[in-house]
Amino acid sequence: MASTVLEATRAAHEDLERLERLAVRELQRDPANSRDRLFQSHRVRHMLDLVVSTSDKLVEIYEDKDNARKDEINTHLTAPSQNHLFAKYYERLKEIRDYHRRNPSARFVSTTDDYEELLKEEPVIEFTGEEAFGRYLDLHELYNEFINSKFGTPMEYSAYVGSFSQTEKISQSHKTTRQYKEYLEHILEYLTSFLYRTEPLQDIEKIFAKLESEFEERWANGEVPGWVNKSTENPEEPEIDLDYYSTVEELVELGPEKLKQALAARGLKSGGTGQQRAERLFLLKHTPLEQLDKKHFAKVPHTKDVSNAASNGNNFKDDLKKEIALMEVKMRRLCELLDEVFVRTKENAEKKLTLTYEEMEAEREEEEVQADTESDDEDQQIYNPLKLPMGWDGKPIPYWLYKLHGLGQEFKCEICGNHSYWGRRAYERHFKEWRHQHGMRCLGIPNTKNFNEITSIEEAKGLWEKIQARQGLNKWRPDLEEEYEDQEGNIYNKKTYADLQRQGLI
């Protein structure tokens with residue numbers, strides 16, 4: 001009966017509650033293996049997407065832009081008098097009965113079974129053969145793009161994976177090219193896709209939004225590693241201060257690349273030899289930029305206002321640098337989230353270098369067989385109703401051995417943070433383990449045999465105070481108990497003897 005707006009609202013709220021319960025129930029289930037864990041995450045993600053879409057529908061209903069909800073409330077839920085209200089009630093009841101008489105199957109319609117099917121379905125997740133169902137990254141396309149680019153260097157695939165996020169070695173001139181920007185776009189596209197397929201519950205948009213806000217602040221302060229924000233510098237101080245140079249030859253010594261950057265920053269032609277570039281730049285020492293002959297400027301759409309054209313070019317370059325710097329920051333963040341996968345990918349690439357083609361094919365077939373039998377292993381789980389500990393063979397230990405060692409007896413240690421130890425043997429052994437030693441160290445008490453069998457913090461402190469008091473009474477005090485003899489045979493303690501000797505009486 002979702003034919004009315006109010007009924008549609010009630011049904012949407014009911015769907016939200018069911019989806020929330022199903023998501024919680026699914027997360028409380030312990031997955032049998034990594035594949036089942038991945039399927040579980042994708043099922044929960046699908047439920048969350050349904051929650052979001054249903055919530056959007058509810059928001060749209062409550063906004064009531066067409067006043068349909070308001071009209072329905074005024075029609076069915078309001079009345080000028082009580083008698084009129086009951087008349088509306090029975091009229092509405094008659095409509096509902098007529099509806100169900102015409103549609104007998106409507107009363108049995110329930111979405112509970114549809115939602116229960118969400119827990120049984122197996123999501124379709126696409127991985128390449130190299131990715132091995134999310135265990136490794138497939139960076140071969142990016143690797144080929146890197147080694148065939150102007151900013152890349154020839155290297156092995158394993159070395160490329162190990163230095164994937166290290167962009168510091170690439171020069172600034174190469175970073176501001178379209179080729180490098182497209183390379184970063186491909187990296188972000190692949191890593192985002194891989195992270196969504198392997199960790200669907202990660203909120204990538206939220207991570208990027210937080211990253212962008214932090215980046216804006218760091219960029220404004222000029223704190224982004226490897227990048228310089230020109231807006232934070234003093235515009236009156238150019239990269240090359242011509243006041244320090246008196247001849248063209250001194251400018252030539254800076255090198256053609258630096259001269260080219262200085263000319264481009266001012267909107268001047270940056271071609272020619274190093275001598276020509278230096279001569280062109282040296283003109284600015286005695287002539288303002290606005291008064292230079294227009295033949296020295298690079299081609300721009302309007303040459304009337306050269307300074308504005310140069311500043312617009314600089315602003316465009318700054319925006320490009322900012323965009324590329326943000327992409328690099330995002331790439332590093334994704335690499336941090338996938339750090340373990342990068343390590344496994346590098347180890348796998350190095351391992352493949354030592355294998356022959358036949359061994360690689362055999363290993364791939366073995367992985368496929370293992371993946372196919374994982375679902376069968378789930379059905380053949382070991383029957384362990386008493387939840388006995390597992391032995392060395394992966395099977396529960398015998399019950400008589402469990403009773404013999406008293407593994408059903410729990411010992412709690414307050415010094416260890418109320419950690420539980422099962423069995424007398426584990427309890428006695430824990431006094432020499434790191435957890436108990438760390439707890440005693442935090443209390444400032446030495447972990448000696450005197451404190452064995454003591455698990456209470458108050459008892460340990462009380463015993464330590466008694467030991468300190470006892471040591472204070474029995475402690476040998478040399479000032480009072482050490483004896484000295486003078487020439488006449490008189491016996492003094494160390495303190496008295498030192499006082500008499502200081503006074504010259506001995």
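**Helix packing, burial and backbone angles**

Modeller: The protein has 22 helices and four strands; helices (H or I, at least four residues) and strands (E, at least two) are DSSP runs, numbered from the N terminus. This is a predicted model, in which local features need pLDDT of at least 70 and side-chain atom pairs count only at pLDDT 80 or more, while totals for chains, interfaces and linings use all residues. Residues are numbered from 1 along each chain as its sequence is written, and side-chain values use heavy atoms, with hydrogens and water left out.

Colleague: At what angle do the axes of helix α1 and helix α2 cross?

Modeller: The axes of α1 (residues 5–27) and α2 (residues 34–63) cross at roughly 160 degrees and come within 9 Å. Axes here are lines fitted to C-alpha atoms, for helices over the stretch in contact, and the angle between N-to-C directions runs from 0 to 180 degrees.

Colleague: Why is α1 called roughly antiparallel to α2?

Modeller: Angles under 35 degrees count as roughly parallel, over 145 as roughly antiparallel, 65 to 115 as roughly perpendicular and the rest as oblique. The crossing is at roughly 160 degrees, so α1 is roughly antiparallel to α2. The crossing is also left-handed, a term for a near helix turned anticlockwise from the far one by less than a right angle (clockwise would be right-handed).

Colleague: Which residues in α1 and α2 meet?

Modeller: Contact means heavy atoms within 4.5 Å. Among the residues that meet are V5, L16, L19 and L27 in α1, and V44, M47, L50 and I61 in α2. By class, this contact has 14 nonpolar, five polar and two charged residues. Ala, Val, Leu, Ile, Met, Phe, Trp, Tyr, Cys and Pro count as nonpolar, Asp, Glu, Lys and Arg as charged, and the others, Gly among them, as polar.

Colleague: How do helix α12 and helix α13 pack?

Modeller: Their angle is about 35 degrees and their axes are 9 Å apart, with α12 spanning residues 256–265 and α13 residues 274–282. The crossing of α12 and α13 is left-handed. P256, E257, L259, K260, A262 and L263 in α12 meet G274, R277, A278, R280 and L281 in α13. This contact has six nonpolar, one polar and four charged residues.

Colleague: What makes L38 count as buried?

Modeller: Buried means under 20% relative accessible area, exposed over 50%, and partly exposed in between (1.4 Å probe, protein chains only). L38 has 9% relative accessibility, so L38 counts as buried. L38 is in helix α2 and touches I125, F127, F133, R197, T198 and P200, leaving out residues up to four places away in sequence. From L38 to P200 the C-alpha distance is 8.3 Å, across 162 residues of sequence. In the protein as a whole, buried residues make up 28% of the 506 residues.

Colleague: Why does S456 count as buried?

Modeller: Its relative accessibility is 18%, so S456 counts as buried. S456 sits in the loop between α19 (434–443) and α20 (457–474). Apart from neighbours within four places in sequence, S456 is in contact with E414 and I415.

Colleague: Is N418 buried or exposed?

Modeller: N418 has a relative accessible area of 53%, so N418 is exposed. N418 lies in the loop between β1 (410–413) and β2 (419–422), and has a positive phi of about 60 degrees although it is not a glycine. D64 also has a positive phi, near 55 degrees, in a residue other than glycine. D64 is in the loop between α2 and α3 (68–76) and, at 14% relative accessibility, counts as buried.

Colleague: Which residues does the UniProt annotation "domain: Matrin-type" cover?

Modeller: The annotation, from an unreviewed UniProt entry, covers residues 411–442. UniProt positions are given in the numbering used here, feature names are shortened, and annotations may be inferred rather than shown by experiment. Over residues 411–442 the chain is 47% helix and 22% strand, with the end C-alpha atoms 21 Å apart.
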